[in-house]
Amino acid sequence: MVTNTVLASRHVDEFRKIVGEQYVLIDEESLQHYSHDETEDLHYLPEVVIKPRTAQEISAIMKICNKAKIPVTPRGAGTGLSGGALPHLGGVLLSMERMNSILEIDERNLQVTTEPAVITEVLQNTVREKNLFYPPDPGSRGSCFIGGNISENSGGPKAVKYGVVKDYVLNLELVLPDGEIIWTGANVLKNATGYNLTQLVVGSEGTLGIVTKIVLRLIPHPKHDLLMLVPFKSAENACAAVGAIFRAGYTPSALEFMERDALEWVSQFVSGSTIKIEEEVQAHLLVEVDGNDVDVLAKEIEGIAEIIQGFDCGEILFADNAQQKAELWKLRRRVAEAVRANSIYKEEDTVVPRAELPVLLKGVKDIGKRYGFHSVCYGHAGDGNLHVNIIKGDLTDEQWNGSLKDGIREIFALVKELGGTLSGEHGVGLVQKEYMNIVFNETQIRLMREIKKIFDPNNILNAGKIFDI
Ligand code: MLT
Ligand code: ZN
């Protein structure tokens with residue numbers, strides 16, 4: 001039962017009155033289920049799990065928690081990679097899972113209004129039926145929630161051409177930590193009216209309010225796409241080719257990098273993979289172009305292939321049917337799962353200006369040699385966003401929890417030196433906050449803390465995420 005000195009049995013009774021008996025869980029199995037997300041092997045037990053259905057119910061819950069100073073951790077699908085949904089202070093775990101309706105597709109204005117617990121891919125497929133496109137597509141799009149994507153300002157492979165979540169969010173309904181319900185903006189494409197509260201909430205990792213409705217802009221769906229997989233003998237050359245593609249005037253709709261281990265591990269992990277990786281190959285680029293005119297696209301992909309050939313690439317695989325494209329994308333999307341199945345790992349979501357990617361990759365490998373860790377690197381090369389998965393492998397627990405942190409600090413110091421920052425799309429959450437002082441000085445962090453205080457003076461909502469108060 002509830003043991004925390006703040007959260008008492010009477011609070012649980014009140015929660016039951018608000019949402020109904022069956023949506024307030026305190027049994028051990030449920031608490032365990034909500035004790036982790038996809039971040040490393042971290043577990044923290046909440047004291048109670050609540051599954052509200054409406055913004056009004058959330059408002060009533062927040063009023064109780066704010067008064068009694070009970071910590072509240074909002075949670076989407078639990079696919080986060082920086083620990084944003086971990087209830088590390090116990091208290092209430094607010095699972096948004098029942099708020100899963102797409103409310104309206106406005107075909108006149110190319111907009112959709114949705115609740116937060118709609119799975120990203122479901123939203124994409126639903127608007128697709130009307131020839132509309134919502135591009136942001138994180139690796140986990142088949143299971144993550146759109147609300148979680150907003151909390152983290154997620155990206156994914158298409159971001160390189162179409163932008164990230166923030167570029168599609170027009171307006172949000174938000175329950176504030178004291179229970180008041182507001183809209184952050186207006187359903188318009190341009191808005192120069194006061195501070196941009198909508199964009200402040202996007203990427204705020206559930207620390208400022210709880211998003212209960214979302215208005216997104218949509219675009220017409222492109223009619224065609226072409227895809228190719230390009231092997232390289234040198235991973236640094238693969239990274240160097242990326243910048244050259246853009247400098248030559250091309251904007252692919254995806255430009256993904258996978259080190260040899262990434263593709264090899266995922267090929268073994270996913271059954272039925274037909275991809276062969278030659279002995280000397282060290283990395284691959286997966287390049288997609290999309291648009292409405294297939295002849296233009298064919299010229300584009302040939303032009304890109306020509307540029308890439310200047311970087312000592314091997315034989316290019318052009319995916320010439322839907323099945324082959326689906327296989328390549330499945331492999332790319334499941335790399336994270338394959339790495340997780342292989343070993344405990346820490347994921348660093350580094351991002352640098354695109355042309356610095358080869359220097360970053362070399363630096364990561366050099367740092368790894370000095371600290372004795374193996375890393376599997378892959379990610380959204382077109383955005384300069386490299387996921388560095390540090391493998392626990394043979395490292396002792398002392399190394400893993402001790403000296404490795406110095407190695408990670410060195411990686412982030414290099415990222416900063418190259419003009420980049422800690423996270424491109426996975427957020428800071430719980431596990432990256434100790435590195436925030438590498439990229440922000442005290443004044444910058446103070447400004448963020450003050451913003452948090454204005455929204456949440458009692459520091460009850462996802463407290464201790466991004467930074468400590
Ligand atoms: C991806 O690019 O696959 C996602 O960001 C997930 C991940 O990196 O773990
Ligand atoms: Zn990613």
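Buried residues are those with under 20% relative accessible area, exposed ones have over 50%, and partly exposed ones fall in between (1.4 Å probe, protein chains only). The structure is a predicted model, in which local features need pLDDT of at least 70 and side-chain atom pairs count only at pLDDT 80 or more, while totals for chains, interfaces and linings use all residues. Residues are numbered from 1 along each chain as its sequence is written, chains are lettered from A and ligands numbered from 1 in the order in which they are written, and side-chain values use heavy atoms, with hydrogens and water left out.

By these criteria D137 and R333 are both buried. Their side chains form a salt bridge with an N to O distance of 2.8 Å, the term denoting a side-chain nitrogen of Lys or Arg within 4 Å of a carboxyl oxygen of Asp or Glu. D137 is in the loop between β7 (132-133) and α5 (146-152) and R333 is in helix α11 (residues 322-333), so the bridge ties together parts 196 residues apart in sequence. Helices (H or I, at least four residues) and strands (E, at least two) are DSSP runs, numbered from the N terminus. The whole structure contains 25 salt bridges.

A further salt bridge joins K233 and D312 (3.6 Å, N to O). K233 is partly exposed at 45% relative accessible area, and D312 is partly exposed at 41%.

H387 and E425 are both buried.
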